[in-house]
Amino acid sequence: MTRQVFTDAIIAAMPPEGGYGLIPDGVIAIEKGRIAHLGPDLPAPYEGWPRDSLGGRLVTPALIDCHTHLIHGGDRAREFEMRLEGASYEEIARAGGGIISTVAATRGADEPELIAAALLRLDALLSEGVAVVEVKSGYGLDLETELRMLRAARALEQYRPVRVRTSFLGAHAVPADYAGRADAYLDEVCLPALRAAAAEGLVDAVDGFCEGIAFSPAQIARVFDAARDLGLPVKLHAEQLSHLGGTALAARYGALSADHVEYATDADAAALAGSDMVAVLLPGAFYTLHETQVPPVAAFRIHGVPMALATDCNPGSSPLSSLLLAMNMGCTLFRLTPQEALAGVTCHAARALGLADCGRLAPGLRADLAVWDVKSPGELAYRIGFNPLHRRIFGGQG
């Protein structure tokens, strides 16, 4: 069906200028997978189109998870136990656990195995109204596995009605065989893998982990320079465990986003605002790692930095596959408002991925909608462990 009119809807359009953009009794006309009209009334040209009453339910843009590590092998349940026994994230990583343990499991998995495991996690997200998912590499740390991860991520669109944006994260950790030789790893593995992945059309953006247990700002700058040469946008895991200057570096490169940012400063917030970047908040990792340093939300507000929210779904520091729970965590742990949380998984999440055709509801944009069995948008962040999704519409279908 190429034409459809949805009536009797409470519409939260989520305009980028702020607010819910509520239309209390609205209609949405869809043609060929795009929004043709939305508003309180139905103009004459759409009167004869097939109609579907939504029964007074809330309609929002379909949700966007803008930071995930869905593709990986194995799990790290034992490390969960270790953290509860007192070990820190850094201690686990330096003992050969953390990212490195997932690398071994991922290298041992073939592409069908990676896809099958990721689909279980993806289905959990789709069941909560998600239509766009960002997926990173970074658990291969060799050319072959990094490419296999990205191919698996691209393949998800063949199995489910979803849009996938890929990020090359070869600068995620230094593999054991390059311990103490991070620059050699960049020269011999990471940068060649990036160029090969870009040549194969597998990369939408380039990411890195700027932290004491990973890569320095100078090393990340080398990765960003390579990305720039390839014409690819960049983003960065920055200021998660300490303040190394990654956020300022990302701002200098005009990155799409800086993610985690618990240790970001007021100056960092100003730099993000000056570079038109998004701060991606990841409360799942904050929660799992028992962190106490919260992101500078007040500074982001003062400087007008858009804040996105994401699950950071990964096997170690954030085994979270519920974006609705991430919204609640963003409000409860970081003191976001429910409106900020919803913007964080719609319009600002789209911006963090460089997407302009989704994340809000307006004529001309993709008809990616989530229909909820609630009357108020604040209820989406308010409830814990409750999924009120009534219907997910992807490209006008569903």
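On a 1 Å grid over the protein atoms alone, a cavity is a set of points where a 1.4 Å probe fits but cannot get out. The model is predicted, so local features need pLDDT of at least 70 and side-chain atom pairs count only at pLDDT 80 or more, while totals for chains, interfaces and linings use all residues. Residues are numbered from 1 along each chain as its sequence is written, and side-chain values use heavy atoms, without hydrogens and water.

**Cavities**
- Four cavities of 30 Å³ or more are found in the whole structure.
- The largest cavity has a volume of about 100 Å³, a volume being the space filled by probe spheres set on the points, which are joined across faces, edges and corners.

**Sheet**
- An open sheet of mixed pairing holds six strands in the order β3-β2-β1-β4-β13-β14; strands are DSSP runs (E, at least two residues), numbered from the N terminus, and two of them pair if DSSP finds at least two bridges between them.
- The edge strands, β3 (34-39) and β14 (389-393), each pair on one side only.
- β4 (residues 51-61) and β13 (residues 369-372) are antiparallel, with four bridges; T60 has A370 of β13 as its bridge partner.

**Cysteines**
- Zero disulfides (cysteine sulfur atoms within 2.5 Å) are found in the whole structure.
- For C313, the nearest cysteine sulfur is that of C66, 13 Å away.

Conventions
1 Å grid on protein atoms, 1.4 Å probe; cavity = no way out; pocket = protein on both sides within 12 Å on 5 of 7 lines; lining within 4 Å.
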